[in-house]
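Let's read a protein model together, one feature at a time. Please take a look at the structure below.

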Amino acid sequence: MTISVIIPVFKVEQYLDECIQSVFCQTYRNLEIILVNDGSPDNCPAMCEGYVLQDKRVRVIHKENGGLSDARNAGLLAATGEYVIFLDSDDFWLDNGFLAILIDEIKIQQNVDLILFGRKDYYEATGNYVNGLTVDVEKVNGCKKTDVFQYLVVNQLYSMSAWSKIIRRKFLIGNEIFFEKGLLGEDMDWSLKLWAKLDSVRAVNCQGYAYRHRPQSITSTYGLKNVADFVGILEKWKKIAQDEMQGQELGRLFLGYLAFLYPTLLRNFYLTRKTDRKIEYRMLKELIPLLQHSITTKSDQVALLNRYAGFGVTVFVFGVFGLIKKRGIKGLALLIK
């Protein structure tokens, strides 16, 4: 069984080798490793060509810069493996037997659409690893899709990230499940497309993925487009859940998941420029009705505060909480910037 490993590459020359070597050292060897150079202006293109010389399983796609979604789509369209797995080029795999574990799980249920796995958070500034959330495989394996989705959402365990799962390639291609080019928060939209179409899902109790947290300025990476794209995704899937999935259990769960995602916007409120916050405030207020579909403690807390204290207080409380959590007390300076 061939596994296609899709790695978009852009401005990551100091991280790329650690990423690629973590793939090369996998004990499962039947791989095609697709490096998608997304017009990287640094030394990454030459590094990619160097990996071709090191390992005949490596293929390189050179393309003009189109963003992460476009790079992933290019890799997916070029892939030939039975299953595909995405790996971000500043992250890496921790265990040499990681793919072998996934292959063993695939063999248990032939043609399973999707297998979930866990991660460890790697904090570059300190070199520390923190265990991610753990899924109870007995709540997933052999269970109905709707039961699995409810378990993951209610317990706040579902990861929308593309790299947190291995997926049957024909399932993706046959259902035209691609990433929307130019969309920030593309994994959110893409993961909902997955759950709308998939028939079977399994999970392994393995935290083999290292997600790298890089020190950087929050204000330079979060702006009004992030908010607008996030809101657009919530509105899009709210309509789908209420119209196309009306009366279906999956539709109810999708609405619950959207309500779960909504507080993220509140926690990020003060990360935008002060001049953009009036527009941001209006967009977020229009989505308040999502909270009536809450099935998680996180969205319940937002709904309760909004009911008794009003939307303005709710935005302030959760916005300040988000600043402190992300940047510490010093982050409160962003309240006035």
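**Reading strands and a helix**

Q: How do strand E7 (residues 119–123) and E8 pair, and over how many bridges?
A: Strands of a sheet pair through backbone hydrogen bonds, either parallel or antiparallel. Here E7 and E8 pair in the antiparallel sense over four bridges. Two strands pair if DSSP finds at least two bridges between them. Helices (H or I, at least four residues) and strands (E, at least two) are DSSP runs, numbered from the N terminus.

Q: What should I know about the model itself?
A: This is a predicted model, where local features need pLDDT of at least 70 and side-chain atom pairs count only at pLDDT 80 or more, while totals for chains, interfaces and linings use all residues. Residues are numbered from 1 along each chain as its sequence is written, and side-chain values use heavy atoms, leaving out hydrogens and water.

Q: Which residues of helix H10 (residues 277–286) are buried?
A: Buried means under 20% relative accessible area, exposed over 50%, and partly exposed in between (1.4 Å probe, protein chains only). In H10, the buried residues are Arg277, Glu280, Met283 and Leu284. Seen down the axis of H10, they fall within an arc of 120° (taken from the directions from the helix axis to the C-beta atoms), so they line one face of the helix. The face turned away from this buried side carries the exposed Lys278, Arg282 and Glu286.
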